[in-house]
Amino acid sequence: MAAVEECSVPPRWRSISLTHVEYPQGDLTGELLAYSSLLPIFILVGFVTLIVFKRELHTISFFGGLILNEGVNWVLKHILREPRPCEGAHVTLTTEYGMPSSHSQFIWFFFVYSFLFLYLRMHQTNNAKCLELLWRHILSICLLTVAFSVSYSRVYLLYHSWSQVIYGGVAGSIIGVFWFFFTQELLTPLFPKIAAWPISEFFLIRDTSLIPNILWFEYTVTRSEARNRQRKLGTKLQ
């Protein structure tokens, strides 16, 4: 393991193709953690894809919270100006400052917001079936595992110290709680009006706040419409 005590003699680093994430050459654990540290990028790509194809206001708000979280991280880094551990270990860095860790802050914002969304926004928990509750619990555990994995990878790969990762996680969690309740209490009541704006109608932006299980809703509506069209097509062919 690439421990902090070994910083005086940095190992030989190898970069993942098309990225700047480096891991000790020949270290399988380091390589796996390097890939896990790329998860925030995949999450952002996923959000952009969802926004383009779904155009749902809550998803747009969630994405806006992630951008706000990144902006706060940038401000904190340039206020605190704490250097990264093992200075010189990595040559491909976007910033020399490490407090707080942006990866840790990002992933813990994502986890906390997603956790609150699962158990508070999907508000039929009390009447939910055991299978649905089990699905939420399993998803929460998976998200928590991802958050710990990304955070640990930043220390293992000598990009951050433990304190930088912990403070990043705390900052991301606080902003996640704030943004969730800001969205729920202030923005969500405005979503129907925003969805009715001409520009929203032009870009097909929609509000699904009153639909507790959007996946089931879309599935049932799509299946019903497909069957109706199939009946009409069958009638025409007869």
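Me: How many helices and strands are in the chain?
Reply: The chain has nine helices and two strands. This is a predicted model.

Me: In what pattern do they come along the sequence?
Reply: The pattern reads β-β-α-α-α-α-α-α-α-α-α.

Me: How much of the chain is buried?
Reply: Of the 238 residues, 39% are buried.

Me: And what share of the contacts is between residues 24 or more positions apart?
Reply: Such pairs make up 67%, counting contacts in the chain with a separation of 6 or more.

Me: OK, helix packing. How are two packed helices described?
Reply: By the angle between their axes and the distance between those axes.

Me: At what angle do H2 and H3 cross, then?
Reply: Roughly 150 degrees, and their axes come within 10 Å. H2 covers residues 39-54 and H3 covers residues 57-80.

Me: Are they roughly parallel or antiparallel?
Reply: Roughly antiparallel. Angles over 145 degrees count as that, so the crossing of H2 and H3 qualifies. The crossing is left-handed.

Me: Which residues make the contact?
Reply: H2 supplies Leu-44, Phe-47, Val-48, Leu-50 and Ile-51. From H3 come Thr-59, Ile-60, Phe-62, Phe-63 and Leu-66.

Me: What's the split by class?
Reply: The contact of H2 with H3 has nine nonpolar residues, one polar and no charged ones.

Me: Now H1 and H5. How do those pack?
Reply: At an angle of about 125 degrees, with the axes 8 Å apart. That makes H1 oblique to H5. H1 passes H5 in a left-handed crossing.

Me: Which residues meet there?
Reply: On the H1 side, Thr-29, Gly-30, Leu-33 and Ser-36. On the H5 side, Ser-149, Val-150, Tyr-152, Ser-153 and Tyr-156. By class, the contact of H1 with H5 has four nonpolar and five polar residues, with no charged ones.

Me: Is Ser-36 buried or exposed?
Reply: Ser-36 is buried, at a relative accessible area of 9%; under 20% counts as buried. Ser-36 lies in H1, which runs over residues 28-36.

Me: What does Ser-36 touch?
Reply: Ser-149, Val-150 and Ser-153, leaving out residues up to four places away in sequence.

Me: Switching to the core. How many residues are in the largest nonpolar one?
Reply: The largest nonpolar core has 19 residues. Phe-62 and Phe-109 have the most contacts inside it.

Me: Which elements give two or more residues to this core?
Reply: H2, H3, H4 (102-121), H5 (130-156) and H6 (162-187). H4 gives the largest share, nine residues.

Me: What is Phe-109 in contact with?
Reply: Setting aside neighbours within four places in sequence, Phe-109 contacts Phe-62, Gly-65, Leu-66, Asn-69, Gly-172, Ser-173, Ile-175, Gly-176 and Trp-179.

Me: Which residues have a positive phi although they are not glycine?
Reply: Leu-158, at about 65 degrees, is one of them. Leu-204, at about 60 degrees, is another.

Me: Where are they?
Reply: Leu-158 is in the loop between H5 and H6. Leu-204 sits in the loop between H8 (198-202) and H9 (214-237).

Me: Buried or exposed?
Reply: Leu-158 is buried, with a relative accessible area of 4%. Leu-204 counts as exposed, at 59% relative accessibility; the cut-off for exposed is over 50%.

Me: Last one, Phe-191. Where does it lie?
Reply: In H7, residues 191-195. Phe-191 counts as buried, at 4% relative accessibility.

Me: What is Phe-191 in contact with?
Reply: Leaving aside neighbours within four places in sequence, Phe-191 contacts Leu-57, His-58, Ser-61, Thr-183, Asp-207 and Ser-209.

Me: And how far apart are Phe-191 and Thr-208?
Reply: They are 17 residues apart in sequence, and the C-alpha to C-alpha distance is 8.8 Å.

Technical notes: Residues numbered from 1 in each chain as written. Predicted model: local features only at pLDDT ≥ 70, side-chain atom pairs only at ≥ 80, totals over all residues. Heavy atoms only, no water. Axes fitted to C-alpha atoms, helices over the stretch in contact; angles between N-to-C directions. Helix = DSSP H or I, 4+ residues; strand = E, 2+ residues; numbered from the N terminus. Parallel < 35°, antiparallel > 145°, perpendicular 65-115°, else oblique. Left-handed = near helix turned anticlockwise from the far one by under 90°. Contact = heavy atoms within 4.5 Å. Nonpolar A, V, L, I, M, F, W, Y, C, P; charged D, E, K, R; others polar. Core = buried A, V, L, I, M, F, W, Y, C linked by side-chain atoms within 4.5 Å. Buried < 20%, exposed > 50% of the residue type's maximum accessible area, 1.4 Å probe, protein only.
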